[in-house]
Amino acid sequence: TLALSGSVYLFNAVNNAGNATIHISGNTPNNFYGAVTNSGTISVDTGAIAIFYGTYTGPGPVTNNGALAFNAPDTFLVASSITGPGSLNHAGTGTTTLTGAYSASGPVAVTAGQLAFGPTLAPRQSPGVLLNMQKLSITPGNSLDITNHDLLIGNANMTTIENEILNGLGFGSGTDKITRSEEHTSELQS
């Protein structure tokens, strides 16, 4: 077990192998600048922050009860399953694709680049394709790719969700609107 309790800066590669656990706690950022290979377990406590600036590879699971951020300028895949009520922020200018199971329920923010949820072979309207987010925010000019997934944003009405999506697309408020067809898809109309 490797215990990190905040204000940690790791510049070298980290290889979390076998049954090992990286336990992240404290209320200041734990920064991973080198490549992280996780075949063990990563646990992020409530109030803790884990920021990945370099590449991250799985398939070890991540339990996120705090804050998890991907801040890399590159394009990379994250094969780890991610669970828990903690927040997820994509702050890097590259594209991060989550290919592992994502059953976390916390808020998701895309403040830079693109966050994508990888392909799934699960049938539509099944738990395998449902993304349940407490809140979603997308900074204008950045994107969230949820192709072949159903999106559930908790405690938000349709107007709030439409405004977040329009703001993320850089349209803001006005005459733009989102409409839903009978096939449960959404499209943008100006």
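Reply: Let's start at Tyr 33, which is partly exposed because its relative accessible area is 32%. Bear in mind that this is a predicted model, where local features need pLDDT of at least 70, side-chain atom pairs need 80 or more, and totals for chains, interfaces and linings use all residues. Numbering runs from 1 along each chain as its sequence is written, and side-chain values use heavy atoms, with hydrogens and water left out.

Tyr 33 sits in the loop between β5 (29-32) and β6 (36-38); strands here are DSSP E runs of at least two residues, helices H or I runs of at least four, both numbered from the N terminus. The structure as a whole has nine aromatic pairs, meaning Phe, Tyr or Trp rings (six-membered for Trp) with centres within 6.5 Å: stacked under 30 degrees between planes, edge-to-face over 60, tilted for the rest. In one of them, Tyr 9 and Tyr 33 have ring centres 6.4 Å apart and planes at 15°, so they count as stacked. Because Tyr 9 belongs to strand β2 (residues 8-10) and Tyr 33 to the β5-β6 loop, the pair ties together parts 24 residues apart in sequence. Phe 11 is a stacked partner of Tyr 33 too, since their centres are 4.8 Å apart and their planes at 10°. Phe 11 lies in the loop between β2 and β3 (14-16), so this pair ties together parts 22 residues apart in sequence. Phe 11 itself is exposed, at 58% relative accessibility.

Tyr 9, Phe 11 and Tyr 33 make a nonpolar surface patch of about 360 Å².

What about rings elsewhere? Ring pairs link Phe 32, Phe 52, Tyr 56, Phe 70 and Phe 76 into a cluster. Phe 52, Tyr 56 and Phe 70 are also among the residues with the most contacts inside the largest nonpolar core, which has 34 residues; such a core is a set of buried Ala, Val, Leu, Ile, Met, Phe, Trp, Tyr and Cys joined through side-chain atoms within 4.5 Å. Leaving out residues up to four places away in sequence, Phe 52 touches Phe 32 and Phe 70, along with Val 36, Ile 42, Leu 68, Ala 69, Asn 71 and Ala 72; contact means heavy atoms within 4.5 Å.

Thr 97 is in strand β15 (residues 95-98) and is buried, at 15% relative accessible area.

One more stop is Gln 114, in strand β17 (residues 114-117) and partly exposed at 23%. Beyond its neighbours within four places in sequence, Gln 114 is in contact with His 90, Gly 94, Thr 95, Thr 96, Ser 143 and Asp 145. Its C-alpha atom is 5.9 Å from that of Asn 142, 28 residues apart along the chain.

Zooming out, the protein has one helix and 23 strands, and 42% of its 190 residues are buried. Among contacts between residues at least 6 apart in sequence, 19% join residues at least 24 apart.

Notes
Buried means under 20% relative accessible area, exposed over 50%, partly exposed in between (1.4 Å probe, protein chains only). Patches are made of residues with over 30% relative accessible area and no salt bridge: like charges are joined within 9 Å, nonpolar side chains (Val, Leu, Ile, Met, Phe, Trp, Tyr) within 5 Å. Accessible areas come from the Shrake-Rupley method with a 1.4 Å probe; for residues, only the protein chains shown count as cover. A salt bridge is a side-chain nitrogen of Lys or Arg within 4 Å of a carboxyl oxygen of Asp or Glu.
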